[in-house]
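Hi everyone, thanks for coming.

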Amino acid sequence: MPFARISLRRGKSRDYLRAVSDAVHQALVDAFRIPVADRFQAIHQHDPEELIFDRDYLGGPRSDDFLLVCITGGKPRDADTKQAFYQRLADLLAEAPGLRPEDLMIIVQTTDYADWSFSNGIAAPLAEQRP
């Protein structure tokens with residue numbers, strides 16, 4: 001169950017935000033093979049002084065349309081799977097909402113299953129043991 005945190009500058013339309021959300025989810029479904037219904041995201045919109053990024057570091061040039069996608073997952077993926085996700089997301093975002101690949105930064109982090117509580121204040125491994 002990956003959790004996606006999506007950060008961008010404030011001011012984009014609802015349609016733009018929906019296209020970003022849909023692209024992130026579809027790329028996870030396609031590359032990470034997550035269930036279609038497994039969708040957990042938070043979109044954070046920032047004023048210009050609250051989203052600080054180097055316009056040229058290892059890519060770019062980045063514009064004010066810079067988009068940061070952070071994925072936290074409980075299941076490790078190999079380098080090829082991660083690369084497939086990076087490319088799929090860049091391709092989908094280029095289609096809609098029209099984001100330039102230079103403006104996309106992605107971070108994938110993996111946590112231990114015990115770091116997750118899906119509900120009721122119970123760690124995920126303990127929740128699976130309950131009748």
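On one side, in α1, we have V20, A23, V24, Q26, A27, L28, D30, A31 and F32, and they meet T81, K82, A84, F85, R88, L89, L92 and L93 in α2. Before going on, please keep in mind that this is a predicted model.

How do we put such a pair into words? Two packed helices are described by the angle between their axes and the distance between the axes. Here, α1 covers residues 14-32 and α2 covers residues 79-95; they pack at an angle of about 150°, and their axes are 9 Å apart. Angles over 145 degrees count as roughly antiparallel, so α1 is roughly antiparallel to α2. The crossing of α1 past α2 is right-handed.

With β3, residues 67-73, it pairs in the antiparallel sense over 6 bridges. If you want a spot to look for on the screen, find L8, which stands opposite L67 in β3. With β2, residues 41-46, β1 runs parallel, and 6 bridges join the two. There, R5 has A42 of β2 as its bridge partner. To get from β1 to β2, the chain goes through α1, and this β-α-β crossover is right-handed.

Next, a few details of the backbone in the loops. Which peptide bonds are cis? One of them runs from G60 to P61, with omega near 5°. You can find P61 in the loop between β2 and β3. Another cis peptide bond joins A96 and P97, and its omega is about 25°. P97 sits in the loop between α2 and β4, the strand at 104-110.

Finally, let's look at phi. R33 is not a glycine, yet it has a positive phi of about 60°. This residue belongs to the loop between α1 and β2, and R33 counts as exposed because its relative accessibility is 67%. L58 is another residue other than glycine with a positive phi, in this case near 45°. Look for L58 in the loop between β2 and β3; with a relative accessible area of 75%, L58 is exposed.

Note on methods
Residues numbered from 1 in each chain as written. Predicted model: local features only at pLDDT ≥ 70, side-chain atom pairs only at ≥ 80, totals over all residues. Heavy atoms only, no water. Pairing = 2+ DSSP bridges. Helix = DSSP H or I, 4+ residues; strand = E, 2+ residues; numbered from the N terminus. Right-handed = clockwise from strand over helix to strand, strands pointing away. Axes fitted to C-alpha atoms, helices over the stretch in contact; angles between N-to-C directions. Parallel < 35°, antiparallel > 145°, perpendicular 65-115°, else oblique. Left-handed = near helix turned anticlockwise from the far one by under 90°. Contact = heavy atoms within 4.5 Å. Buried < 20%, exposed > 50% of the residue type's maximum accessible area, 1.4 Å probe, protein only.
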